[in-house]
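Subject: Structure for your review

Dear colleague,

My notes on it follow directly after.

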Amino acid sequence: MQSIIDAFQFIGDNLHFMLTKTLEHLALSGAAIAVSLVIAIPLGVTLGHLHKGSFLAINASNIGRALPSLAIISIGIGILGIGFINVMVAMVVLAVPPMLTNAYVAVDGVDPDAVEAARAVGMSPRQVLWKVEIPLALPLMFAGIRTGAVYVVATATLAAIAGGGGLGDVIVNQASYGTEGVIAGALMVTALAFLVEGLFAVIQRLLTPRALRHEEGPVELLAPVIEGT
Amino acid sequence: MLAQLALPIAQGGGPVIPTFQRGSDCVRENRQFCWDWFSSHWSSTFQPRLIEHIELTAIAVGIGFVIAFVAALVAYRWDWAVNPATAVFALVYTIPSLAFFQLMVPFTGLTRLSAEIALVSYTLLILFRNILTGLREVPADALEAAQAMGLTRRQTLWRVELPLAMPAIMAGIRIATVTIISLATVAAFIGVGGLGEPIFNAIQTGFKTQFIAAGVLAVLLALVTDAVLVVVQRLLTPWARAKVG
Amino acid sequence: MEGVADPDTAAAAIEFRAVTKRYPGRSAAAVRELSLSVPAGEICVLIGPSGSGKTTAMKMVNRLIDITEGDITVGGQSVRSLDVTELRRGIGYVFQQIGLFPHMSVEDNIGTVPRLLGWPKQRIRDRVGELLELVGLEQSDAKRYPGQFSGGQRQRIGVARAMAAGQPIMLMDEPFGAVDPIARDRLQNDFLRLHAEVRKTVIFVTHDIDEAIKMGHRMAILRDGELVQYGTPDEILATPANDFIADFVGADRGLKRLLLRKLAEIELAPAANGERDDLPTIDEDTCLRDALSMMVTQRVSALTVLGTAGERRGTVSMESLAHFADLDRADADAEVEA
């Protein structure tokens, strides 16, 4: 218990430093999330719209979930060495699968009656996509983004060992920051994870039209927050 | 062979090469992957860590399953318990693993206990949700038939509800196991062994083979376990595959 | 159906004694002072519009719904006095959604209650074989799973399961409602055939008047929880107790009565020859209504009835058929006038 108190003391004494580290952490996470989004969403939405590539899209998530994040980072260090690129690659590799799978399933699974009605009314395929499919797919798609995002924030903690900076730096560096520092880092990154999870949960709630609010979908796919590593 | 990969290697900071007297060229030059080093160190370094890793995982999933199972049965019977249980399990699940392990140290030290407490906690949300969902999705008509035929409540649970919930339960075990395999790599940080240990050690030396060997082993363990559990799941639910064409 | 010592022994009579069911918070009773007697071995159909309480009444027999007032006896024993689990193991239950256990083979499904009762494995296996034949399925179906069968087949398995332990009573709640009309017709016929061999006491709930007439030895018509009329289908069709019943059974109740008898059962005019030689022929195993239908479509007023070997057994005229369709006269064996 004393350690916890000491940790808070540490935060108080080094507030500027801790905040800097937190921002570093967020920046790294944000970058990885952005890259993952750019890769996963357009691909998932397109495949879902065309109803193609289901094997790839669905199994991407299964395989991605099985990849131990530290192991990916480790392999990355072996191949790419320490540094920002390695860390980014590892996090993107881990975040893309849930985003991709959910985007695919969400768009692929849009009520076919709605799509047919839209087409019958005279909408072009592009209009159907943007005005009907994407809005209806948004909740489930966002669930995947949320999963990936929280995953990234957690994985960024490990990024420290690959030179990624962020709060992980503090946690692995007992020599420099002492036990209080390490605990402090752990506490802050936990708080950060809760915040991000909570924020995304609220956004997801807002994005889900009341009519579609129900319990989670396929148990396997919407595996809750894919753990924090 | 990874040794043949011709990738540009960004080596910021100049790693220290392990000075093994018997080191081959591959090792001294810290090439991508030195098979000879790996095979000679298999039984001393990698195999024990692999076994430790499997132990850590098995214990965590085993204990986690018992806890989650009891919680799910309670929540199945008493609806009001679902939300509080889910909230608690979800909370611990969100804690980044490195932080969780580290936070356990002041309380239970650099021990396996610390690692297992954290790992067990991570299994709970997945297992609880899947077991509960599995039970809830048992077809109502099968339950009505069971009741009308004179099965007691307990008989209905063990002979009808749980077997029918098996696919969801197995899926949960599968996801949980693979998740824990992943998290157990981080547990090495507090010194409990497992495949994470060579990784953390390699940070000091920058020895590429170690990074890649440990990393690939962990990935293989996860993928193989996942595949094996899929097979187990199929074997346990023969009725799910036999459907009207 | 020999072989295993026949567990399908004496059926039990069911009696409702002023049974009432009240739900808390609702002023009207779901079932009000229902009294009726079902003799052992008979099929009693409970029929009525929705909300009449027919399913509620049936479910009180095996206590899936609790009795508020009154009592039901099964084979003389009050259902309220028996342990509910034991009671239910002695009552077969078949319902519209069927409720087979998807994770068990057909064999295991059917053997559920025998297993509960501790029958030896071989005995169960033999019993399953017997039942599969009885309900019209293949022996090889025993090892398959419910998901591999059609709706009609699954309900056959459901019936087999409900009688596996030789339960003396069977409750059936719209059992054939979820299948297409052709399958339903087959299921009804096969069940009647089965019942002729294994005479259990059956309470059969339906909302389909034609099914009720076809299946029941007796019909109980309920409305708003009360019994309005109880009697054989012929009695009810011939002499409905009030306008409600008359409407309920349909304006064509005279014709419906013709469904209840076959040509083989009535007295026929002597087989004619000579100028009546060219009458269309009809098998004696046809019901009177189909005979009438043939007369109408073929524009004749008489038919020659053939026996099982194709021999001429006699003739039947439209007028004689009309006797059996008479309204307000319940006497079954009216004399035929040639």
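In this predicted model, the contact between chains B and C joins 17 residues of chain B to 22 residues of chain C. On the chain B side, the elements that contribute two or more residues are helix 6 (140–149) and helix 7 (153–187) of chain B. Helix 6 of chain B gives the most, with seven residues. Sorted by class, the side of chain B that touches chain C holds 11 nonpolar, three polar and three charged residues.

Two pairs of chains are in contact, and of these chains A and B share the most contacts. Their contact takes 44 residues from chain A and 49 residues from chain B. On the side of chain A, two or more residues each come from helix 1 (2–13), helix 3 (54–66), helix 4 (69–80), helix 7 (125–158), helix 8 (167–171) and helix 9 of chain A. Helix 4 of chain A supplies the largest share of that side, 10 residues. By class, the side of chain A that touches chain B consists of 28 nonpolar, 12 polar and four charged residues. Chain A and chain C, by contrast, are joined by no contact, and their closest C-alpha atoms lie 20 Å apart.

Turning to the individual chains, chain A contains nine helices and zero strands. Its C-alpha trace spans about 65 × 40 × 25 Å along the principal axes. Of the 229 residues of chain A, 53% count as buried. If one takes the contacts in chain A between residues at least 6 apart in sequence, 78% of them join residues at least 24 apart.

Helix 2 of chain A, residues 15–50, has 36 residues and reaches 51 Å from its first C-alpha to its last, close to the 52 Å expected at 1.5 Å a residue.

What does helix 9 of chain A span between its end C-alpha atoms? The span of this helix, residues 174–207, is only 42 Å, whereas a straight helix of 34 residues would span 50 Å at 1.5 Å a residue. Helix 9 of chain A also bends by about 75 degrees at Glu180(A).

Chain B has 10 helices and zero strands. Of its 245 residues, 47% count as buried. Among the contacts in chain B with a separation of 6 or more, residues 24 or more positions apart account for 72%.

The largest nonpolar core has 220 residues, and those with the most contacts inside it are Leu119(B), Phe128(B) and Ala187(B). Helix 7 of chain B gives the most to this core, with 17 residues. Apart from this core lies another, of 14 residues, which includes Ile266(C), Met295(C), Ala302(C) and Leu321(C). As general background, nonpolar side chains tend to be buried together in soluble globular proteins. Leaving aside residues up to four places away in sequence, Phe128(B) touches Ala68(B), Ala71(B), Ala72(B), Ala85(B) and Phe89(B).

Thr177(B) is found in helix 7 of chain B. Is Thr177(B) buried or exposed? Thr177(B) counts as buried because it has 25 C-beta neighbours inside 10 Å, and the cut-off for a buried residue is 20 or more. Beyond residues up to four places away in sequence, Thr177(B) touches Thr57(B), Val61(B), Thr225(B) and Leu229(B). The C-alpha atoms of Thr177(B) and Leu119(B) are separated by 10 Å, while the two residues are 58 apart along the chain.

Lastly, chain C is divided into domain 1 (14–251) and domain 2 (258–324). The centres of these two domains of chain C, taken over C-alpha atoms, are separated by 35 Å.

With kind regards

Definitions and conventions
Residues numbered from 1 in each chain as written. Chains lettered and ligands numbered in written order. Predicted model: local features only at pLDDT ≥ 70, side-chain atom pairs only at ≥ 80, totals over all residues. Helix = DSSP H or I, 4+ residues; strand = E, 2+ residues; numbered from the N terminus. Expected span 1.5 Å × (residues − 1). Bend = angle between axes of the 7 residues up to and from the residue. Domains from an automatic or database assignment. Contact = placed C-beta atoms within 7 Å. Nonpolar A, V, L, I, M, F, W, Y, C, P; charged D, E, K, R; others polar. Core = buried A, V, L, I, M, F, W, Y, C linked by C-beta atoms within 7 Å. Buried ≥ 20, exposed ≤ 12 C-beta atoms within 10 Å, placed from the backbone.
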